[in-house]
Protein chains: 2
Amino acid sequence: MTPFEIDLLGYCAATLTTISFVPQAWLTWKTRSAHGVSLGMYAIFISGVAGWLGYGILIASTPVIVANAITLALALFILVMKLRFG
Amino acid sequence: MTPFEIDLLGYCAATLTTISFVPQAWLTWKTRSAHGVSLGMYAIFISGVAGWLGYGILIASTPVIVANAITLALALFILVMKLRFG
């Protein structure tokens, strides 16, 4: 596979894992509630995604950087909603 | 940073994002129920994780491979529980 095709696979993977995260963010926004979301789990998850973002920058993998930047933004949004609305 | 330190960051990130996934798998196993889990979302997520696994192999990133292999196993387990117990 060419580097372009490898990146394309990375972007497909990034799109799918990020899309699967959107319904949670949307539900949290619509219901103004994040009752089913564990605060501890989210704190760990957000630390992990931040770590992946740093790792992606260090190995210069654009798909890893883009995927984790978007996921980090969505996860931080859900965390803020959780802290505001409980 | 040395390649070893970069890999170490990747493994830390992998450990954190995988750990944050375990409570869902555990809750699903304990309650024999995956009521709060959307089937469509899981199908998309699993496709994405499988894509990341392929991408990790192609860019030869061991942290990406290990993280996504474990996440894929956990997500498939939750999916099977969902299909069996609803």
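A polar contact here is a pair of N or O atoms within 3.5 Å; within protein, one must be able to donate a hydrogen and the other to accept it, and residues adjacent in sequence count only if both atoms are side-chain atoms. Keep that handy for the interface stop.

You're looking at a predicted model, where local features need pLDDT of at least 70, side-chain atom pairs count only at pLDDT 80 or more, and totals for chains, interfaces and linings use all residues. Residues are numbered from 1 along each chain as its sequence is written, chains are lettered from A and ligands numbered from 1 in the order in which they are written, and side-chain values use heavy atoms, with hydrogens and water left out.

**Stop 1**

From the N terminus on, the order is α-α-α-α. Along the principal axes, the C-alpha atoms of chain A fill a box of roughly 45 × 20 × 15 Å.

**Stop 1: both chains**

Now bring chain B back.

**Stop 2: the interface**

Select the residues in contact, meaning heavy atoms within 4.5 Å: 28 from chain A and 28 from chain B. The copies meet through the same surface, because 100% of the interface residues of chain A are also interface residues in chain B.

About 2300 Å² is buried between the chains, 83% of it on carbon and sulfur atoms (accessible area, 1.4 Å probe, that the two parts lose on being put together, summed over both).

Which polar links cross over? Four residue pairs are in polar contact, both residues at pLDDT 80 or more. Colour helix 1 (3-19), helix 3 (39-58) and helix 4 (62-85) of chain A, the elements giving two or more residues to the side that touches chain B. Helix 3 gives the most, with eleven residues.

Conventions. Helices (H or I, at least four residues) and strands (E, at least two) are DSSP runs, numbered from the N terminus.
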